[in-house]
Amino acid sequence: MTWIDQSVAGEILEWRPHLLSREMEHLGLDHLVVEPLVLAAGEAGHRLLATAAGPAGVHWTWGAFCRLRLELCVEQGFPLFSDEPVSWLSKDRTELRWADLPPCDALELTPFDAAGAAGATVRISRPPGEPWIPFRFRYMGGRRSGVRLRPQPGTPLERLDRLERLEGVALVQEGHDRFRRIRQVELDRSGGLVPIPESFAGLVVVLGIASGRRRLLDCTTVYELDERGRPAPDSHEWFVARRETGSGGATGQAWPARTQALLDAVFHEAAAAGVPADQIRIENIRGLNRLLVLRACRLAVGPEAWTDVSSLAREASLAGLVRHLFPRLLPLLETAAGPDERLWLTANAGHPDLEAITAWAGATATGALVRARELIGHRIALQRLAAEIRPDCDEGREIEALLQEIEPFPQTGWRPADLDGRLASLRQRIETSRAEPPIHRQKYQEWLEGQRRSRSWRTGIDDALTFCECGGWLARSAPDLLDLPDLALLLERARKLTLPPKTTETGSEPDGKRLASLVEEARRHSDWEPSSRERDEILSCLEATVLPSPARWSLLHRLLRRGREEARRWPAMAGELGMGASGDLAGDARRAQLLIDLIEGSQQAARSYAPLLPIDAVELRKVLASPKHPSLGSVYHECRKLTDRLGDDGRLPPTPPLAPAAPTREAFRDWWQAVADLYAVWAALRQRADDLEKQLEFTRTSILPVAQEKARRLTSLAEGERSDADRELLAALHEFEAAGRDVPARVYHRFLEVWRRLEEAA
Amino acid sequence: MSNAAVAAEPTTRTVALWGATQVGKTTTLAAYFGKHRPAWVVRDDSDTRMSLRSFQEIWNALQGNRLVPGTTMAIDHRLRHREGFTVLFRDMHGGNARNVLTSREDAEALYRADAAMMFIDWPGTNAVAGRAAIENALQELDPDRPTVLLITKCESHLSMADFALFAMDPLEFAQRQDFSRELRESMESFTRHFRQGAVFPVTVYGWNGTRPAHFYDEFGRLVPWHIQPALVERPFEHILGKLGQRKEVTP
C-alpha cells in the first residue's frame, strides 16, 4: 500500500497508509486512504531509477534493479494503440525509442529489485515536438492542388486500424493567429489528399478519431503553395492545430497516473472545501491530505490550519498529528473495534467525557456509544456524588442504587424512570444534609479525625479515672470511634475524686508515673477535645487530686488489692468489716488496712494461743480470722455439755463468742481473747471429763458390781422390807446406770455417797 | 491467759519423781507403764525399750506378789513421746527427800525439772519423812512448774467409795472431820504453793473385793497380794498434758 512516484520534473512523493486509512476506505474516500510525503532525491535515492529522456527515446541505468515495468500512458481518454499497455523489460535493455513504441503521451517505468521490491515509479513524457504518428506531407500542384498525406514509412499500419477514422484538415490563416478550416478530408490507412488552393497559407493537420475523441496525429505548415517544413514541437502551429481542430494532445501530466489522480482529487476536494487557492499546491499536498482526512472524520481543526495547511504536515505521521491535536483520542482509537466506532470517536472527539463514554460503553457497537453519551452526564454526576458521599449512609446507598440502575443502559437502552427527578432530589438532600456523622466523605474524615482526637483525649481521661477508681488499667481493643466516652459521665466521675489518704504501702510506683503521664498528656492535648465547661472542670479535678501525688493513688490501690486478696482468703473477716466496693475509696482503704492488720493480728494471736490450746495454730488462725466460724458454735456446745456433765460451768461465758462486738481492732483483740478462753475452757473441761471417765472406770470395775449385787438382793425384797438407805441406793444406782456412758459428776457423786453410807452402816 | 512467746522446743522434758523412801514412786511408775501401757510411748529406740523393760520387771514382781526393793540412787527413765520429745522420769533417791541439801545434785535436778510428781503416803509411821519431803520440795520447785501431788497407799486407809470420792475432789474430801489433819495440811501447803498443782490419790495395790490387796508378812512388811492398781494413770497424764502445752511456750 506504500509506494513512491517520481514526477516528470523529478519531484518525489511517497504514499503511505495512515492512522485513519480504514476509516477513509470505509467512507469511500479512496483519495484519502493514503497520505503523501514529499521526498528529496537523496531520501529516496536507492529506490529511484536513473533515467535520461531525449527526443528519440529514454535511456536508463539499472543500478540495483533487475526488472522494469513499463506502462504506456495515453492522456485525455484516447484509446491506447496497444493491447498490452503494460510490459516488462529485462536487464538487457537500457533504452526505449519512442518510434518503437505505440503512440502514447508518456511512459511510466517502475523498477523492481531482485527481491521483488518496487522502486519509485517515474513518468516520462513524450517530447511535445514529436508527432504521435508521423506522416509525410507532400504538396501537389496543378488542377487538383493539395497536400498528399501518407504515413511515414515504417509506421505499423495496424496502429491506424485501431482508429475509427483518419481525417486530414486544412486550416487557412486569415490573420494573426486567426485560422479557418477550409477542408476536411477522410483518409484511409494509406493516407489521402487534402485539397487546398494554390494560394493557401496555413496548416494541414492529420487527425485520428477514436471513441469519439480526436487526436492530433501530425501537422505541417503550408505557405504559398510550398511546404515549408514541419513545425517545431512546441511551435505555435501545434497549438493552433489542436485548438482549431478540437483535438487533444499530451497535457503535460507531470506525475504517474495514480499519483496524479490522487493529487487531482485532493486538490479538487480542497478547493471545494474552501481551502484558499494559494494553499492548494503540491508542496502542501500532505497538509491538504491531512486536513481533508480530519475533515472527513469530523475532527475540527483551528482556522489557522486552513490558511496554513503546511502546519498540519509538520508531524511525521497522522497519528502524531492526532496525538498533538486531540491527545485523548488516540488511545481510544487504538481500542475501538471497527471503523464505525472509530469514526464515532473522531466525530465526538470534542466531547469532554469521551473517555468515560467509551469506558462505559465498552468495546461494543456505536449504538452503545451513542446511548452512553446520552446518560454519561448523569453517570458522571452520580459517580462524583459517590466519590463525595459516604457509601454507608442512605444517600450513598441511593447513589449506588442509581448507578447500578443506569449501568447497563449503553447495552440495554433501558433508562430508569424519572432519573432527572431522582438525581435532583438526591442533590438537594445532600446539599441540605446536616447528618451526624456527616455524609460527605471529606467532612466525615474531618469528623473522624476530630472523633479520634476527642476519643484519644477522653480515653486518656477514662484510663486515669478508671485507675483512680479501680487501680487497674483498661485493656482496650481496637478503637471504635463511635464509642466515645460520655463527657458528662467523665465529669461526674472526676468530681467524685478526692486526694487519696496516705497509706502504709511502699514500693516503686510505675502506675503512679503512668497516671501522672496520662493527666499531663490530657493537659497538653486539651485542644483535642472541643472546648467546654466539662472539659475544663475535668482537668481541674484531675490536677487537684492526681497531680499533687499520683503515687498515692497507686499505693492506695495496692492497699485495696491486698485488702481484696485477704478478703477472698478470709471472707468471714471481710464480711464482718463490711468489705466491698462502696465507692468510697477512703473508706475502702480504711477497711482494707484494718482487714490486713486484723489478719496479721489473728496470725500472731493464733501463734501465741495455740500452744496452750487443744487446737493447731493453723486451725486456730482460721477460727480467729473467721468470725462466726462453725467451730466456735460446736466447741461452745460441747463445752456446755461438758459443764452440764461435770456440774461446773468452768468459766464458760453465757453465750458463744461468735464474732467481735464491733469491726475495730480492740473488739477483735477482745474477741480473740474470748475465743482463746473458750478453747482453754474446752480443753480444761475435756481434761476433766477424761479424768472423770477414769474415775468412773475404777468405780464401774470395783464398786459397781458390788453395788449391783446388793441391788439385786434388795430388789428381791418386798417394798416394805427395804430401808430408806436401800431405796436410796436403788435410786442412785438406777440413776447411775440410766446415765449410760456419760455419767454426770453429780450422779456419780451421789452414787458414791450413797454407797459409802451403806458401807459405813454395814 | 496471757500472750506468750514461742520458744525453741526442747527435745527432753524432765519429770522429777520426788518423795520419801518407800512412798511408792517407783512402784507407781511401774504400775502406770505396766498396767496401762500408755499409747503416747514410742517404742522405737533403745532408751525407751530399756525403761519399759525396767518397769515391766517391777510390774511383774508386783504381780507376783513380791516386794520391790527401794531406790538407792536416782534413776533416769527415758521414754520417747509420740509428739517428738523425750520424757525423762527422774526417779530420785527417796533417802534424800528429807534433806535436800544433802545432795546438791538432786536439788539441782529438782530445780531444773520441767515438771515434778511429788509423792506422799497416808500419814503413819512415815508421816514425818513425807512431810519433810514435801516441805523441801516446796523450797526448790518453781510454783509455776506443772506439779502433781500423789497420795499413795490409799487402799490401806480408805474404802473404795471413799477413795473414789477422795479422787473426785481431794480438797473437798480432805475437809471431812475424820480426814488426817497432817495430810490435809500437806495438801493445803502444796495447793497454796503450786499455781498449777493438782492432787491425785492413787493406789497401786488396790482392793480385792472390798479389802486392800496386800498383807503384812512375818517381818511386818506390807506385801502385795493380787494387786489391782487404781487411778495411777491420772497424775501421769495430767503432768504429760501440762508438758505438752508447755513445750512451745515461754511467758
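Mentor: A crossing counts as left-handed if the near helix is turned anticlockwise from the far one by less than a right angle, and as right-handed if clockwise. The model is predicted. In that sense, H16(A) passes H18(A) in a left-handed crossing. The two elements are helix H16 of chain A, residues 487–495, and helix H18 of chain A, residues 533–545. Their axes lie 9 Å apart and meet at an angle of about 30 degrees. Angles under 35 degrees count as roughly parallel, so H16(A) is roughly parallel to H18(A).

As for the residues involved, H16(A) contributes Leu487(A), Leu490(A), Leu491(A), Ala494(A) and Arg495(A) to the contact. From H18(A) come Arg533(A), Glu534(A), Arg535(A), Glu537(A), Ile538(A) and Cys541(A). Sorted by class, the contact of H16(A) with H18(A) has 6 nonpolar and 5 charged residues, with no polar ones.

Elsewhere in chain A there is a sheet to set beside this pair. It is an open sheet of 3 strands in the order E11-E12-E15, with antiparallel pairing. Its edge strands are E11 (135–140) and E15 (192–195) of chain A, each of which pairs on one side only. Direction ignored, neighbouring strands of this sheet are turned against each other by 25 degrees on average. Strand E12 of chain A, residues 146–151, pairs with E15(A) in the antiparallel sense over 4 bridges. Within E15(A), Pro195(A) stands opposite Gly146(A).

Terms used. Residues numbered from 1 in each chain as written. Chains lettered and ligands numbered in written order. Predicted model: local features only at pLDDT ≥ 70, side-chain atom pairs only at ≥ 80, totals over all residues. Heavy atoms only, no water. Axes fitted to C-alpha atoms, helices over the stretch in contact; angles between N-to-C directions. Parallel < 35°, antiparallel > 145°, perpendicular 65-115°, else oblique. Contact = heavy atoms within 4.5 Å. Nonpolar A, V, L, I, M, F, W, Y, C, P; charged D, E, K, R; others polar. Pairing = 2+ DSSP bridges.
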